[in-house]
Amino acid sequence: MSKPLSLARLLLISSALVAPGAMAQTDPAATTGADAGGAVTSGTPTAAEQADSDAGNVDVSIPGADIVVTGRRTTNVSQAAPQVVNVLSAADIKRTGEGDIAGSLQRVTGLSVVSGGYVYVRGLGDRYSLALLNGSPLPSPEPLKRVVPLDLFPTSVIASTLVQKTFSANFPGEFGGGVINLTTKAIPAESYLEIGFGSSANTETSGQLGYTHYGSKSDWTGFDDSSRDVPPLLKQAIGSGVPFANIGRTDQQAIAMQFLNSATSVVQRTNSLPFNFSGSINAGTAVDVGSDGRLGVIATASYSNKWRTRDNLQQASLDVGAGAGKSYQQVSTDNEITVNGLLGVGLELGDQKLRWTNLYIRDTTKRSALAVGRNDGTIQDADFLQQNTAWYERQLIDTQLVGEFKFSDALSLDVRGGFANSQREAPYEREFVYVRTNRDLATDPVGDRFVNALNRQRGDASATFSDLNEDLWFAGADWSYKIAPGFSLTAGYAFNDTKRRSSRYELHFDAVNLPVPVQQLRPDYLLSDATIQLYDIGLLEFSGNYPVYDAALRTHAGYAQVQADLFAGLSVNAGVRYEKGEMSVTGVDVYSTGLTPFNEIRKHYWLPAVTFTLEAAKGLQLRASGSKTIARPQFRELIAQPYLDTESNRFFRGNPFLQDSQLWNADIRAEWYMGKDERITAAAFYKKIENPIETYTTITDTYNVTTSFANAPEATLYGAELEVQKYVPLDGFSDSSFFVSRRIALIGNYTYTQSKLKVGADDTTIPYTYTTGEPPAASDFFLNGVPLTGQSDHLVNLQLGLEDTDTLSQQTLLLTYASDRVTSRGPNLQPDIKERPGVQLDFVARQGVKLPGGINSEVKFEARNILGRKFQEFQEQDGNRVYYNRYKVGTTIAASMTVAF
């Protein structure tokens with residue numbers, strides 16, 4: 001069994017190959033943990049916003065929006081809605097004291113906010129969460145993820161946030177845990193200009209040792225200066241359709257010598273990483289148009305620069321009971337630069353409303369990593385030094401137009417359409433592996449030195465170029481007609497067309513009998529033009545026969561829905577959605593093999609949904625709902641290409657044989673509304689899932705770990721949740737003026753969940769390794785009775801806050817707990833790989849401050865992960881634990897300020 005090497009030893013060993021000294025460029029600051037430098041916005045609702053909130057007039061733009069609060073018995077929109085929803089108005093969002101939408105949603109029951117601002121419904125993760133913007137699809141700027149990080153949206157541009165946890169037919173059928181819909185402001189209530197800036201530090205990153213590489217002089221902007229463009233000769237070789245094995249050695253060398261060398265292959269040590277920082281500007285204004293018209297414009301732009309260093313223990317095992325057979329200690333530093341902007345134009349003419357929303361998000365990560373460790377599956381007792389550098393560009397451009405037309409009090413029409421483009425470019429993912437055998441010098445003259453023979457046995461070097469482009473067109477229309485008081489009909493149609501092309505070319509440098517002195521050169525000297533020519537270094541392609549894949553998804557959907565008050569106190573919302581989907585993945589035959597792999601899912605579904613709401617007593621409601629929904633595989637899960645997930649630091653590979661999952665859902669709940677924004681709710685839920693998509697891990701004899709996806713036969717999930725939200729006024733606590741307008745906010749929720757897979761002796765599944773013949777038994781990959789991946793038995797969220805109801809002054813403690821959850825099925829039916837989220841304690845304070853000249857400003861202070869929770873992902877058996885990832889997250893301290901003009 002290999003033992004992990006200490007960080008001190010890692011840094012000592014790496015100093016032989018790492019260029020010491022200062023960074024080659026001035027890198028702006030930023031780090032980990034919370035999105036700490038995030039700028040904030042005005043925390044006090046305007047008079048118009050407060051009046052609308054009190055009256056229940058909330059601007060919500062979703063398909064069939066007219067029926068959201070039909071039959072209103074109260075101004076509390078969540079209580080009056082026919083589904084299980086939480087609606088935050090513009091005033092509600094500002095009262096939460098958060099500057100971005102992800103932060104404000106932390107107060108909604110059943111939502112969890114994970115690193116990077118990703119919000120999941122009921123803890124079900126990426127697969128079962130759906131995000132919409134003005135009722136239209138909201139793609140992620142990271143095409144390898146399904147949902148968008150909501151911390152990119154400042155609260156000043158959002159009119160409302162709707163979270164719906166029970167399915168209704170007006171929403172897309174891919175509705176697993178729930179939907180989050182953001183509605184942008186069409187017309188600002190008043191003109192505003194806000195400028196924000198912030199900074200943060202993390203105990204594991206800021207001021208600590210880390211790594212970087214030069215890249216290009218413009219890296220700090222998040223935009224490469226074209227230095228990393230695919231070299232012309234490589235682009236020509238890729239376009240020729242000739243396999244690299246058929247390209248002459250001299251031509252291979254010409255290609256290799258055009259690679260950007262030192263700037264992407266020399267890792268530099270910095271002894272003190274900078275702090276994070278960010279800045280933003282938000283503005284909005286409106287003018288009158290005609291006698292009853294209003295034209296408004298809102299805009300926001302922001303920039304953030306963050307750093308994150310992880311000292312990570314990474315292990316793997318063929319037999320968990322015997323311990324780790326591979327153990328590496330990796331120190332990685334990510335510099336993440338985010339640039340985003342939003343421009344919205346709104347026009348109101350009487351009851352008619354138009355919104356044109358344009359969104360731009362660019363998220364870039366510059367990664368530098370060094371790892372040292374042992375691998376018993378290759379050379380026994382040898383030390384391996386691995387260096388990685390990478391540059392990941394992710395970009396989203398989204399434009400959409402929404403029209404909301406009211407022809408009479410009874411008849412209305414909503415139309416929406418738009419286009420979105422997502423891109424991910426990863427040029428120059430470089431890896432170097434040096435080996436020290438530790439053998440006796442009489443047997444191996446360089447047994448005490450790290451060498452790289454470029455032969456994949458005693459050293460390796462590779463460069464990978466990948467590119468992804470996705471286009472999405474969408475359109476929809478919804479008619480609503482109120483037949484009578486308490487009775488309305490809605491019908492609609494939606495169309496989506498998505499096309500993706502993904503390419504990945506992995507090239508390894510190849511040498512034969514490289515002289516020992518050359519093997520000891522640092523990476524840029526090892527692959528210099530002179531070395532390539534003098535020692536006949538060529539290129540080998542490890543991309544497979546199909547380095548390029550096309551994927552497509554087209555859906556047509558129509559629905560009809562009725563909302564009716566059956567009799568006093570009892571209402572029903574019922575509908576059915578017909579959804580037809582055509583999904584395909586095609587391997588592009590770039591090398592003219594004569595074979596074109598093609599897999600297709602052509603399915604249509606009838607998706608019914610019904611919810612009964614009974615007003616049992618004043619403030620007390622009972623709800624019961626049932627529905628059928630689906631979960632389609634994501635493109636990244638279907639395309640048979642490997643990709644590195646930088647969060648888990650593992651390679652994933654898609655499976656083109658995946659099928660849709662179908663879900664049958666049932667919920668019952670009781671809601672007691674004690675007062676404005678005060679409630680106690682209790683609920684129970686049940687889901688039956690046919691063909692759930694599960695992650696599983698494979699491992700080779702040399703401890704190469706790959707995670708993929710396959711359909712399990714069936715699963716069930718059930719549980720209960722309890723929520724309490726109560727405010728305690730302090731005006732009677734003391735005569736002091738300090739307590740007159742202050743109150744204590746007590747918010748807590750608990751979710752208990754159980755799930756299990758059902759795997760029979762005759763059940764089969766199809767993994768990505770399948771070729772021909774009978775499909776393998778599902779029991780070869782899944783054990784009967786084990787829980788679903790991503791599901792925690794216990795989820796707890798507690799908030800204890802002190803807030804001023806008259807001015808902006810808030811101090812809040814937030815505690816979250818999640819029990820162990822499976823991240824992947826274990827390889828070869830070994831114990832599952834689990835994550836231990838544990839307990840996290842945060843503190844957030846916001847204070848309004850008057851600056852000279854009567855200028856309003858806000859100051860925000862954050863302390864995240866105060867208890868120092870670690871990240872742990874492991875397998876465990878017979879008292880032995882194998883860590884796939886273990887590192888300290890660190891505590892993040894952040895301060896920011898916004899000035900409002």
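Which residue in strand 11 does Glu-194 stand opposite? In this predicted model, the residue opposite Glu-194 in strand 11 is Asn-282.

**Strand 8 and its two partners**

Strand 8 covers residues 192-202, and its pairing with strand 11, residues 276-289, is antiparallel. Strand 8 also pairs in the antiparallel sense with strand 40, residues 892-900. On that side, Glu-194 stands opposite Ala-900. The pairings described in this report are set out below, together with one from another sheet.

| Strands paired | Sense | Bridges |
|---|---|---|
| Strand 8 and strand 11 | antiparallel | nine bridges |
| Strand 8 and strand 40 | antiparallel | nine bridges |
| Strand 4 and strand 7 | parallel | five bridges |

Five strands form an open sheet with mixed pairing, and their order is 1-6-7-4-5. Its edges are strand 1 (85-89) and strand 5 (136-137), each of which pairs on one side only. Within the order 1-6-7-4-5, strand 4 (residues 129-133) and strand 7 (residues 178-184) pair in the parallel sense. Leu-130 has Val-179 of strand 7 as its bridge partner.

**Glu-862 in strand 37**

Another glutamate, Glu-862, lies in strand 37, which comprises residues 855-864. Is Glu-862 buried or exposed? Its relative accessible area is 5%, and because the cut-off for a buried residue is under 20%, Glu-862 counts as buried. The side chain of Glu-862 makes a polar contact with that of Arg-864, at 2.6 Å. As a general point, side chains in a regular strand alternate between the two faces of the sheet.

Technical notes:
Residues are numbered from 1 along each chain as its sequence is written. This is a predicted model: local features need pLDDT of at least 70, side-chain atom pairs count only at pLDDT 80 or more; totals for chains, interfaces and linings use all residues. Side-chain values use heavy atoms; hydrogens and water are left out. Two strands pair if DSSP finds at least two bridges between them. Helices (H or I, at least four residues) and strands (E, at least two) are DSSP runs, numbered from the N terminus. Buried means under 20% relative accessible area, exposed over 50%, partly exposed in between (1.4 Å probe, protein chains only). A polar contact is a pair of N or O atoms within 3.5 Å; within protein, one must be able to donate a hydrogen and the other to accept it, and residues adjacent in sequence count only if both atoms are side-chain atoms.
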